[in-house]
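Colleague: I have a model open and would like to learn how to read it. Could you walk me through it?

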Amino acid sequence: MKLDTKAMRYLTAEDWKVLAAVEQGTKNHELVPTPLIEKLSRLRGGASGVHKSISALAKTGLIGRLKEAKYDGYRLTYGGLDYLALHTHASRKHVYSVGSRIGVGKESDIMIVADDTGAQRVLKIHRLGRISFRTVKSNRDYLRKNKTGSWMYLSRLAATKEFAFMTALRDEGFPVPEPIAHSRHTIVMSLIDALPLRQISAVPDPASLYADLIGLILRLARHGLIHGDFNEFNILVKESKPDEDSNEITLTPILIDFPQMVSMDHPNAEMYFDRDVACLKTFFQRRFHFVPTQPGPFYADAKKTVGRDGARRLDAALEASGFTKKMAKDLEAAIREQQQEKLAKGEGIDEGGELSGDEEEDEDDEEDDEEGQNDQQEEQVVLVIGEEVGKSSGDN
Ligand code: ADP
Ligand code: MG
């Protein structure tokens, strides 16, 4: 889904309140009844003001009706949730303008944004759960009861988890982006000026880069963690020279993408650990024709090092941030389903080096026809900096 911030500056303070009310109501209602929206938005002008805002929001596609609804009501769309998150980032001065999209996955959109000094940052918008609801016949509670609530809930969990781990890893001195802000299903982080390993065709010394990366896996393990998706898209490689005239180039790997991280104590920890190691080995062999002389590293050895030399256990960081066991389970199930679905559809990496498989469109995309034409002028869209609307829903 494309984030289109065009309409942002035309929304009034009342519109934002009504949008926040629909968000609040969506937690318990698939379709938020109009009278409830009126109540939750607490507008001084009363019902007529609310109705005016409702029609403005519906026209912009931030809220929508359901086709076979039994009563009059609205649900929040992806766009609506994006706007609310951006509005919060804007009012907290973390984001001032939104630039171009640099990454699209099925689980996220990655945008370049800037703060009011023009400093560039990255906005990651989590989009978990939107595929599963279409194609997977699931009997899981969280998938069935409230579709809108489910993707909002899961995407929020992914962002919360990612932000908590990025913060904990950064505090321990791991090479990860700097976490700046978190709102709902989005996080703002520092922009890393580096290419994903995927886009690097040759390196002067593959053995040394490989050793650094295995070193990262083992260092994570000492802190009780497994990355869980240690692939060439989630490793950015920064190039630097010791000084201007030097021919020497130092390559520093930087790790991103943390929603799927697991504890070294996870029941399937060994599988995840081995998969991360295997993923790295396969890539180094295929891309750089590099085969390490030693086998391993092995989970059993890494397990013995958890907490060694006073390494702080970071697998506890998530619970410390208020993430319950149920949340962890729900997120894990959703991520696993999504991964299985990808495999089932035969999506993966094709010969050309790009991810194959169609990008699934969703219902909120119906009016995207003019996308191409607008691309240019939307490069730097200034957001409206209004009052904080996120507070009423009581969380991030
Ligand atoms: P996903 O969960 O969809 O895989 P990622 O966090 O891995 O999302 O980001 C997708 C891509 O966006 C990465 O492969 C990388 O190219 C780019 N990217 C993500 N975060 C940053 C960042 N902080 N700085 C620079 N590029 C980034
Ligand atoms: Mg990734």
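**The metal site**

Modeller: Let's begin with the magnesium ion (ligand 2), which is coordinated by Asn234 (OD1) and Asp257 (OD), at 2.1 Å. Donors are N, O and S atoms within 2.8 Å of the metal (3.2 Å for Na, K and Ca), and since water is not among the atoms, sites may look incomplete. Asn234 sits in the loop between β10 (225-226) and β11 (235-240), and Asp257 in the loop between β12 (250-255) and β13 (262-263), so the pair ties together parts that are 23 residues apart in sequence. Helices (H or I, at least four residues) and strands (E, at least two) are DSSP runs, numbered from the N terminus.

Colleague: Before we go on, what should I keep in mind about the model and its numbering?

Modeller: This is a predicted model, where local features need pLDDT of at least 70, side-chain atom pairs count only at pLDDT 80 or more, and totals for chains, interfaces and linings use all residues. Residues are numbered from 1 along each chain as its sequence is written, chains are lettered from A and ligands numbered from 1 in the order in which they are written, and side-chain values use heavy atoms, with hydrogens and water left out.

Colleague: Is Asn234 buried or exposed?

Modeller: Buried means under 20% relative accessible area, exposed over 50%, and partly exposed in between (1.4 Å probe, protein chains only). Asn234, at 5%, counts as buried, and Asp257 is buried with 18%.

**The ligand 1 shell**

Colleague: Which residues are closest to ligand 1?

Modeller: A residue is near a molecule if one of its heavy atoms lies within 4 Å of it. Here 16 residues surround ligand 1, and the closest are Ser108, Lys124, Phe233, Asn234 and Asp257. Strands β5 (108-114), β6 (120-126) and β8 (186-190) each supply at least two residues of this shell.

Colleague: And what polar contacts does ligand 1 make?

Modeller: For a ligand, look for a pair of N or O atoms within 3.5 Å. The side chain of Ser108 has an N or O atom 2.5 Å from an oxygen atom of ligand 1. A polar side-chain atom of Asp257 lies 2.9 Å from an oxygen atom of the ligand, while a polar backbone atom of Ser190 is 3.0 Å from a nitrogen atom of ligand 1. The protein covers 85% of the 550 Å² of accessible area that ligand 1 has on its own; such areas come from the Shrake-Rupley method with a 1.4 Å probe.

Colleague: Why does ligand 1 lie between domain 2 and domain 3?

Modeller: Domain bounds come from an automatic or database domain assignment. Domain 2 (93-191 + 336-360) and domain 3 (195-323) both give residues to the shell, so ligand 1 lies between them.

**Backbone details**

Colleague: Which peptide bond is cis?

Modeller: Look at the one from Gly296 to Pro297, with omega near 5 degrees. Pro297 is in the loop between α9 (269-288) and α10 (299-304).

Terms used: Polar contact = N/O pair within 3.5 Å; in protein donor to acceptor, adjacent residues only side chain to side chain.
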